[in-house]
Amino acid sequence: MDQEVEEISRVLLQKAGDSSDFIQKAADQSLGIMARSVMPSRTMAALMANGVNHRNALIRKCAAEHLLTVVEQIGAEKLLSGNRESTELLVQTLVKLAQDCNQDTRFYGRKMLNILMSHSKFDGYLKQCLPSRDLHDVMAAIRSSCDSLVLPQPMMRRSSLRSLEVMEQLKELNKLLMAKEFQIRMQGITLLTEHCKNNPQLVSSNIIQIFDAFALRLQDSNKKVNQYALESVASMIPILKDGLNPVLVSMVTVVTDNLNSKNSGIYNAAVKVLDTMILHLDNLLLLQTFASRVRFISGRALQDITDRLSVLVAVAYPRKPQVTERHVLPVLWYFLSNMIGNGVLPGKSGNVRTVVSKLAKSLHEQMGAKLEEYVSSQSQHMSKNFRDLLDMELHVLSIKEPAHL
């Protein structure tokens with residue numbers, strides 16, 4: 001069976017996201033048997049290729065659960081003894097799972113990271129695999145939460161259950177959001193929007209629990225539901241504001257995934273959510289969150305997020321220059337070191353030259369000679385790319401100027 005494991009896992013994972021509970025359960029059981037019976041390295045490769053990056057949250061959760069079984073079988077010693085590329089791919093995958101919008105998936109991701117952290121040389125591997133200071137900070141945050149890794153139970157927190165009325169409201173909302181019929185799921189989105197308008201405290205006090213269900217609608221297989229959920233988020237943000245901070249990373253992750261949608265309605269709704277976030281949420285917190293997404297996205301998503309980082313730099317740098325540098329400079333170094341002359345990143349789709357040029361210019365306007373000094377200490381390839389990007393931005397401005405005369 002080892003030869004067919006990738007194709008079998010692909011089919012089973014698709015069934016794990018089926019609307020039928022019976023089919024979901026059967027697929028999950030079959031994947032469990034496969035994870036315990038097939039060569040662990042093949043199973044790991046198949047799950048990482050077919051499941052952990054899937055748009056369907058149920059499929060990601062299922063893949064993460066069985067990937068944990070394989071990681072436990074192989075152990076930290078062997079996992080961290082591979083070549084640099086395979087180790088980097090594994091660690092980045094686990095970081096992404098640990099930040100997933102689904103509570104169970106986050107648990108499985110953090111549990112696997114905890115296993116790797118048991119290796120005595122993990123910090124050395126971490127420096128090799130994740131040179132970005134921001135990603136290092138994410139790992140440090142996960143490390144601090146790994147002391148009590150207990151699988152979350154599908155129950156509401158005691159602090160949120162202040163009355164039976166609240167309990168019933170949350171129960172009704174969850175039931176609608178998780179319904180099989182797409183029309184009922186849309187009713188759930190409408191109800192959540194009404195709660196935001198009429199009782200924002202109810203939503204903000206229970207935002208983590210609510211978002212675990214609502215996030216699934218932000219990537220719903222039904223395009224109408226997907227777009228409606230994104231449009232609703234844009235209306236909720238000005239109301240909830242800082243009440244969204246506990247789920248901001250998860251929300252940005254889900255919204256950015258929609259930026260690569262071929263459906264224009266979904267794409268435009270996702271763009272509106274990003275712009276609404278910039279208008280109404282803490283720009284410094286957004287800058288950190290956007291910067292942490294760059295290495296995990298491609299295509300239009302990478303272009304749109306990088307473009308908005310340029311805007312956030314101009315706002316955040318005067319407030320917190322050191323924090324802005326700590327989070328955005330690694331992004332610029334990433335682009336300068338990896339970008340090919342025509343503006344393409346290896347393994348990524350889309351041309352990023354224009355947006356990276358804007359980011360370099362935005363940073364240069366804030367930092368001036370300090371940025372030039374930092375760049376001069378980097379490689380010749382990076383320094384040349386930086387100069388080319390600044391020259392490109394100046395050339396664009398010189399073309400535009402006559403139009404204003």
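What follows is a conversation about reading a predicted model, from its confidence values down to single residues.

Biologist: Okay, on to the fold. How many helices and strands does the protein have?

Modeller: There are 22 helices and zero strands. Of its 405 residues, 50% count as buried.

Biologist: And how do I read the contacts along the chain? What share join residues at least 24 apart?

Modeller: Take the contacts between residues at least 6 apart in sequence: 71% of them join residues at least 24 apart.

Biologist: Which residues have the most contacts inside the largest nonpolar core?

Modeller: A core is a set of buried nonpolar residues joined through their side chains. The largest one here has 84 residues, and the most contacts inside it belong to Phe214, Met277, Phe290, Phe335, Leu363 and Leu371. Apart from that core lies another, of 40 residues, including Val5, Cys62, Ala63 and Ala98.

Biologist: Pick one from the largest core. What does leucine 371 touch?

Modeller: Setting aside residues up to four places away in sequence, leucine 371 touches Leu329, Leu332, Trp333, Ala360, Leu363, His364 and Phe386. Leu363 is another of the residues with the most contacts inside the core.

Biologist: What lines the largest cavity?

Modeller: Its lining is Leu192, Val203, Ile207, Ile210, Phe211, Phe214, Val233, Met236, Leu240, Leu244 and Met251. By class that comes to 11 nonpolar, no polar and no charged residues. The elements giving two or more residues are α13 and α14, and α13 has the largest share, with four. Phe214 also turned up among the residues with the most contacts in the largest core.

Biologist: How about an open site? What is the volume of the second largest pocket?

Modeller: About 630 Å³. It has 32 lining residues, and the closest to its centre are Asn53, Lys96, Asp257, Asn260 and Ser298. Helices α6, α14, α15 and α19 each give two or more residues to the lining, with the largest share, four residues, from α15.

Biologist: How do the lining residues of that pocket divide by class?

Modeller: Nine are nonpolar, 13 polar and 10 charged.

Biologist: Time for single residues. Why does leucine 176 count as buried?

Modeller: Buried means under 20% relative accessible area. Leucine 176 has 17%, so leucine 176 is buried. This residue is found in helix α10 and touches Ile184, Arg185, Gln187, Gly188 and Leu191, not counting residues up to four places away in sequence. Its C-alpha is 8.0 Å from that of methionine 186, which is 10 residues away in sequence.

Biologist: And glutamine 103, how is it classed?

Modeller: Glutamine 103 is partly exposed, at 27%, and is found in helix α7. Its C-alpha is separated by 8.9 Å from that of lysine 61, 42 residues apart along the chain.

Biologist: Last one: what is the phi of lysine 241?

Modeller: Most residues other than glycine have a negative phi. Lysine 241 has a positive value, near 45 degrees. Lysine 241 lies in the loop between α14 and α15 and, at 39% relative accessibility, counts as partly exposed.

Notes. Residues are numbered from 1 along each chain as its sequence is written. This is a predicted model: local features need pLDDT of at least 70, side-chain atom pairs count only at pLDDT 80 or more; totals for chains, interfaces and linings use all residues. Side-chain values use heavy atoms; hydrogens and water are left out. On a 1 Å grid over the protein atoms alone, a cavity is a set of points where a 1.4 Å probe fits but cannot get out, and a pocket is an open set with protein on both sides within 12 Å along at least five of seven lines; lining residues have an atom within 4 Å of a point. Grid points are joined across faces, edges and corners, and a volume is the space filled by probe spheres set on the points. Ala, Val, Leu, Ile, Met, Phe, Trp, Tyr, Cys and Pro count as nonpolar, Asp, Glu, Lys and Arg as charged, and the others, Gly among them, as polar. A nonpolar core is a set of buried Ala, Val, Leu, Ile, Met, Phe, Trp, Tyr and Cys residues joined through side-chain atoms within 4.5 Å. Buried means under 20% relative accessible area, exposed over 50%, partly exposed in between (1.4 Å probe, protein chains only). Contact means heavy atoms within 4.5 Å.
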